[in-house]
Amino acid sequence: MPHIQQLSSHVADLIAAGEVVERPASVVKELLENAIDAGATAVTVEIQNGGMTYLRVTDNGCGIERDELPTAFLRHATSKLRTAEDLSAIGTLGFRGEALAAISAVSHLDIFSRVRGTQSGASLHLDGGVPGSVTDAGCPEGTSIIVRDLFYNTPARLKFMKRDSAEAAAISGLVAHLALSHPSISFQLIKDGEAALHTPGDGVLRSAVYAALGREFALNLAEVNCLDGDLSVHGFITHPLSGRGTRGMQTFFVNGRFVKSQLLTAALEEAYANRIMKGKFPGCVLFVDLPCDMVDVNVHPAKTVVKFLNEKAIFDLVYHGAMAALDGDTAPKAAGANPVQQVQNPRTDFFTSMTAEQYRAQGAGQEKKPAAPQFKTKIPPVSSELSGMVSLSDFTRRAEASAPRSYPSIPSAPTQTPAAPVIEGTPEIASVPAPDPAPKAVSAAEPEQLTFVPESVTPWRIAGEVLDTYIVCEDGEKNVWLIDKHAAHERINFDRLRENAEPIMPQALLTPLVADLPAAEYTALVGQFALLREFGFSCEEFGDGSVLIREIPSDIDSGDAVNAIEELAGKLATAHSADPTSARDALLHTIACKAAIKGGWKTSAEELRVLVDRVQSGEIQFCPHGRPVKVKLTKYELEKMFKRA
């Protein structure tokens, strides 16, 4: 039986170093955290060969006393803790007292330090953790630590190091994280003699984001600022349309410390539900601040994993903060925010321009001219093209029910209209003159009218529709908007279904339909028959992977029923089985999509007005799948296309 014996101090130090120092980036992390805790306002990191052969961290912090230099490299030596009670309220980045000892144990290390206000500094050299003598040294105020030949005495660790480029990339990411968490400190990174990163240190977070994460990321951000008692979250999150393929651009800080937290990630991504494209992930730079006794940072040697005392409160804080930022950022600005009157016409004798509001105001006071000759228009075959759609009256009633606002009713058409000549063989009628744009008061005794915002009182104007799919709209700020009518109607249907507490009215099929499904999708669908019944689908097993469909929601056309079930089964097969909300949302997505206006369909002007109203008011922003509902083209962008800018 092997005998138990105590390890030598050198072997113990090597083991301890392996827990703290995994790679060159670990060394940079520990040294930068010490520099920040020392009150530095400028820090420079220099590396060569990925930090394996040469690594230097220089700061202008408070420095280390000459007599305390040897003590700083002893295990469990620190200036940041005194009593056991301090462990429950850790407010510094470095505190374990093992960083310098661990780094010196696996490298050749030199330290130069000068305390603020003193005339000279001191230096110390260590080989494999063994210190030499302290000597005088001329150096600037602050501390400079040079690490050479990392892991020279631990070949087992050395052979697991990655390429120099990979190690350098890890250091770059680390410096970027610390630069983001401390925008008031100027960070500089020099790789192999070339400047790779330099933040201004002006205290502005957006400046640090711009320098650390790049221009493209910094220009697509929404600001987050949420407070709940002693808890707060602030920072930036990316627009839903700027989603990334990975979570690599998600950066979280807890009390100024960079952390990796599944809780925070889940809270952020939950706020983007039904807003971001499938397979895309949001980016962020978020700071969560809370009392020190509500978070445990001493659960991992690298201090990147934390535990929260009240996880639900933290989840809700981040979730609602991100939701508020997304809702506020994507809402369109009110037309006329930048008065057009500020732009003066330098030549009054030439063309004179006016706003749409001025034009309408001018026209309102003029005498009404006789109606122009009426042109004959053909009546489109509505029944064949709009099969499966929600009726206009039903569509409008739902829009009114879900909208928290009311608008004046459109005045009714004249009761008597001269009959237009009808040409035999071609069913045509003369178009009716447009009603007066000024809305009239509607008494309670009058029948229910179709309600939507008249064009005369809205800050936007419908210019038309192209490809029977996209609505062209112009606002008062000279912006042109392209609105996807299918995506907008799909979102309206989805919100209505999700908020409706009553079961959906089903319609029975004269002849049941059969959907043949793969085994996995069949199993997933059969397990959700009760949920299907809640939303108007009545299905039953038909054997051999087939499902019999007897009833479908009244909003869905029978021709889309089988396709809807197949699509729904595919979503349920990939949804999280433990999350009933995922299955419900998958069903609502399918119903909303199948019941929505399709691209290529003929749509009446009234329906277009309702869609534009819901979209331009900010109520509808994304389709349930996260696709954009509208796209904006500014006047400058259009003029640039035509080489006018």
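This is a predicted model: local features need pLDDT of at least 70, side-chain atom pairs count only at pLDDT 80 or more; totals for chains, interfaces and linings use all residues.
**Notebook: salt bridges and the overall fold**

I started with the secondary structure and got 20 helices and 25 strands for the protein.

Next I looked at burial. Of the 645 residues in the protein, 41% are buried. I also checked the surface: the accessible area is about 34200 Å², and carbon and sulfur atoms hold 55% of that.

Then contacts. Counting those with a separation of 6 or more, I found that 70% join residues 24 or more positions apart.

How many salt bridges does a search of the whole structure find? I got 13. I went through a few of them.

Entry one: Arg 23 and Glu 167 pair through their side chains, at 2.9 Å from N to O. I found Arg 23 in the loop between α1 and α2, and Glu 167 in helix α6, 144 residues apart. Arg 23 is partly exposed at 23% relative accessibility, while Glu 167 is buried at 1%.

Entry two: Arg 66 meets Asp 136 in a salt bridge, 2.1 Å from N to O. Arg 66 sits in the loop between β2 and α3 and Asp 136 in strand β6, so the bridge ties together parts that are 70 residues apart in sequence. Buried or exposed, what is Asp 136? Asp 136 is exposed, at 59%, and Arg 66 is partly exposed at 35%.

I noted Arg 627 as partly exposed at 28%. Asp 484 has 11% relative accessibility, so I put it down as buried, the cut-off being under 20%.

Notes. Residues are numbered from 1 along each chain as its sequence is written. Side-chain values use heavy atoms; hydrogens and water are left out. Helices (H or I, at least four residues) and strands (E, at least two) are DSSP runs, numbered from the N terminus. Buried means under 20% relative accessible area, exposed over 50%, partly exposed in between (1.4 Å probe, protein chains only). Contact means heavy atoms within 4.5 Å. Accessible areas come from the Shrake-Rupley method with a 1.4 Å probe; for residues, only the protein chains shown count as cover. A salt bridge is a side-chain nitrogen of Lys or Arg within 4 Å of a carboxyl oxygen of Asp or Glu.
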